[in-house]
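The sequence and structure are shown first.

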Amino acid sequence: MEDNVFRSFRSNATATALVWLCCTAAGAGLVGCSDSSDPADGGGDGAGAAAQERTADGEPPTGAEKIEVDGQSVNVSCSGTAAEGRPVVVLLSGGGDDLTKLAGIQKTLSEKDRVCAYDRLGQGASDKPAGPQTIESTGTVLTGVIEQVAGDRPVVLAGHSLGGLISARYAPDHTHRVRGLVLMDATSPTQNADLAEEIPESATGPAVDLREKTLAVLGGQGAEKLTVTDGEVRSAGDIPVEVVRHGKEHLATVPEYGPGLERAWLAGQRKWLAVSERSELSTAQNSEHYIYADEPDVAVAAIRKVADEAAEDIAAEG
């Protein structure tokens, strides 16, 4: 699924379902976007060819290369230099998207900070998952990536759609490393229930296809084989958090059920505020689901704000 799926879903129920999944799992309105799990299918925009095997010197990777995490190959891309006292920014794309989708904001952010993006198992040029994945197991891979790209430095996680959900679920258990979050139109923490409530089993037409395909992806039938269950938002303390939602109502175009889907999506963004005592909600007024593509300046500003606040917290701790 490509990052424009969300924009074109109005005329295609299947694409709409994937979009919903992207928002929940990655960021296209619900969860999923382009199926970039196989580089031969066009996913990765050449990332697989550009990636190099990790050098034997053990230094954190720079540029695109492969690292090994728990015996599996993970594609990462890092740029910029880590300044003393500043966190490393780790970017997480939405469901079905690979790290190249974030290359634009990564380049801009790396003018000031060290910034890394990676393909989760089943994405881009990383290995396919050996079996079903859970939020916990994909978090284990994220830990392995952080250890190799950030060393002992703290990190700020910036995730879009499903990547946002994964980041927010990961942070409460890793407060010693995660010092800030940016959630860009993150998948709702109650996406399964939201979808079931807004599109009942009695529904007919395109909405039925959207509901069934979205629930299938959330049930682990996507390329990542990642099962996403609903859950309460847990607190990561008082770390700085920016929750950025889309401003252009695209879900509202779904016949009969669209307005309800938009309301549920906004409610989901507000639920994420509970992840920290210092969470703030803002709106990217001119963006649909892909905020970092529609308004990259908004995404960059939010990430830099959180990174700056995290650096201030680190300095205050001595």
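## A pair of packed helices

In which kind of crossing, left-handed or right-handed, does helix 7 pass helix 9? In this predicted model, helix 7 passes helix 9 in a right-handed crossing. Helix 7 covers residues 191–198 and helix 9 covers residues 258–271, and the two pack with their axes 10 Å apart at an angle of about 160 degrees. Because angles over 145 degrees count as roughly antiparallel, helix 7 is described as roughly antiparallel to helix 9.

On the side of helix 7, the contact is made by Gln 191, Asp 194, Leu 195 and Glu 198, while helix 9 contributes Gly 260, Leu 261, Ala 264, Trp 265 and Lys 271.

## The chain as a whole

The chain has eleven helices and nine strands, and 58% of its 318 residues count as buried. Its accessible surface comes to about 12,100 Å², of which carbon and sulfur atoms account for 48%. When contacts between residues at least 6 apart in sequence are considered, 75% of them join residues at least 24 apart.

## An enclosed helix

Helix 6, which spans residues 162–170, has nine of its nine residues buried, and it is therefore largely enclosed by the rest of the structure. The buried residues of helix 6 include Leu 162, Leu 165 and Ile 166, together with Gly 163, Gly 164, Ser 167 and Ala 168. Arg 169 and Tyr 170 of helix 6 are also among the buried residues.

## The aromatic pair

The count of aromatic pairs comes to one. Its members are Tyr 290 and Tyr 292, whose ring centres lie 5.8 Å apart and whose planes stand at 70 degrees, so the pair is edge-to-face. The cut-off behind this assignment is a plane angle over 60 degrees. Both Tyr 290 and Tyr 292 are buried.

## An exposed loop residue

Ala 130 is placed in the loop between strand 5 (115–118) and helix 5 (135–150). With a relative accessibility of 76%, Ala 130 counts as exposed, because the term applies to values over 50%. Although Ala 130 and Glu 224 are 94 residues apart in sequence, their C-alpha atoms are 9.9 Å apart in space.

Terms used
Residues numbered from 1 in each chain as written. Predicted model: local features only at pLDDT ≥ 70, side-chain atom pairs only at ≥ 80, totals over all residues. Heavy atoms only, no water. Helix = DSSP H or I, 4+ residues; strand = E, 2+ residues; numbered from the N terminus. Buried < 20%, exposed > 50% of the residue type's maximum accessible area, 1.4 Å probe, protein only. Contact = heavy atoms within 4.5 Å. Areas by Shrake-Rupley, 256 points an atom, 1.4 Å probe, with all protein chains shown as cover. Phe/Tyr/Trp six-rings, centres within 6.5 Å; stacked < 30°, edge-to-face > 60°. Axes fitted to C-alpha atoms, helices over the stretch in contact; angles between N-to-C directions. Parallel < 35°, antiparallel > 145°, perpendicular 65-115°, else oblique. Left-handed = near helix turned anticlockwise from the far one by under 90°.
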